[in-house]
Amino acid sequence: MLAAIDLGSNSYHMVVARYTLGQLRVVDRLRETVRMAEGLDGRGGLLPDVRQRALACLSRFGQRIRDIPPHRVRAVATNTVRRLHAPQAFLMPAETALGHAIEVVSGREEARLVYLGVAHAQPPRPGHRRLVIDIGGGSTECIIGRGFETLERESMQLGAVATTLRFFGNGRLSRKRWRDALIEASVEFQQFAATYRSLGWQEAIGASGTNKAIGEICAAMKLTKGAVTAEALPFVRDELLRAGHIDDIRLPGLSDERRPIIAGGLLVLEAAFTSLELQRMVVSKAALREGVLYDMVGRAGDQDPREASVDALVQRYGIDRAQALRVESSALALFDQVAAAWQLTPDDRMMLSWAARLHELGLTIAHSQYQLHGAYVLAHSDIAGFSRQEQQFLAALVRAHRRKVPRNVFEALPDRLLPAARRLSGLLRLAVLLHRGHDDPAIPGLGIRASDDTLLLSLPARWLDERPLLQADLAGEPAETAALGVRLQLDP
């Protein structure tokens, strides 16, 4: 059993599926309208009633999946949580209510997951490119992909809830207001429209509730059989504007639940059709949550996108692969000896492996303080497959792998990740020290034992005597690792 939870800006979704014989079979779906985007107060805070609504929903979701092991549950938060000034103030009680960790994904990572869900639900033709548009509550993602891989990904601050509040906050609808709003929304698409049009696509697909609702309206008005077309949109828009006020909208096929936000969603879709010169878009039943499920399956097998992303970073920043592999090998050797005592997990092992491969990333910028440069790149880049917390975790390991450990190096991490981050940093520091001379691919007799927060390191005496610089480094290391909460001792 696997479960994926999508903390969207309009609705929270959960899908539970059974993975059997290489296929995912959905056994349960839950959806609740939370309208989280309505709760942003302009200062990055969340209004108390919206916060309570979200936590109550997550508590109900948590009851449904309480018997599913944590490693088979993945919850992702999107635009509204990304915009919170202090996301941990919401995430900590949210994780308690759900009973599982919650990851915050970037807009481009959200786009990748949306495309993955759509591609699996509607298998693509070989060699064909697809444009996928997902209009959520707080953001809109546009993706061009081929097969199951994305070629272009963009995320904009345009969503059904956010756009309705921005342009029609008082509920009034008029043609002039619509024209002005359409111009502003179209500007967002113009930033990448030329690039997308030059690449091209063979079909366009809409994902999530807004696109589905507009497709149903087109069918109910007998304009199409469920698709959205350039010819149908003006009729839907004109019918909507005749209402004069959001409360008076009575579009055929439109649910009462969707009515308060349909104006913003339709505006975004019209801007997309105009800017990208779309003629026809079919609607998919799949979206982000299905993509999360398939991503979980890929991570469990040999298709973890994070592995490819790390390899791409190694190549892009010209990292010394031989040195990276030396450090990785020793770091993992140390990890394997202390994992049981420190209760470290296979996921922790992967993070240490990737941090070891990327620890010299900052050298391409400058040698001085290169650990700081590398950490900044890892924390602020769009890295496919990684959540924001995972990127911050990697950045913290790279930032702390040499020299003095800053007091605030782990402040961006949730409390649940702090023990592992501190301990993995200690192991990575040792692995980097052992290979400071960019030599010794294998260190004979490398031994380490862990007890509580104490590490006892042992090295062959003769081998160590031949390396006075390493001896000096190791002599000063206990004072540095103390800042990690780790007591390093050298076996005499």
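User: What should I know about the model before we start?
Analyst: It is predicted: local features need pLDDT of at least 70, side-chain atom pairs count only at pLDDT 80 or more, and totals for chains, interfaces and linings use all residues. Residues are numbered from 1 along each chain as its sequence is written, and side-chain values use heavy atoms, with hydrogens and water left out.

User: How many residues are in the largest nonpolar core?
Analyst: It has 64. Such a core is a set of buried Ala, Val, Leu, Ile, Met, Phe, Trp, Tyr and Cys residues joined through side-chain atoms within 4.5 Å. Buried means under 20% relative accessible area, with a 1.4 Å probe and protein chains only. Leu 358 and Phe 393 are among those with the most contacts inside the core.

User: Which helix gives the most to it?
Analyst: Helix α16, residues 418–434, with 11 residues. Helices are DSSP runs (H or I, at least four residues), and strands too (E, at least two), numbered from the N terminus.

User: Where does α16 meet α18?
Analyst: Leu 430 and Leu 433 are among the α16 residues there, and Leu 470 and Leu 474 are among those of α18. The contact residues include five nonpolar and four charged.

User: New topic. Is His 13 buried or exposed?
Analyst: His 13 is buried, at 13% relative accessible area. It lies in strand β2, residues 11–20.

User: What does His 13 touch?
Analyst: Leaving out residues up to four places away in sequence, its partners include Phe 61 and Arg 289. Contact means heavy atoms within 4.5 Å.

Conventions. Buried < 20%, exposed > 50% of the residue type's maximum accessible area, 1.4 Å probe, protein only. Nonpolar A, V, L, I, M, F, W, Y, C, P; charged D, E, K, R; others polar.
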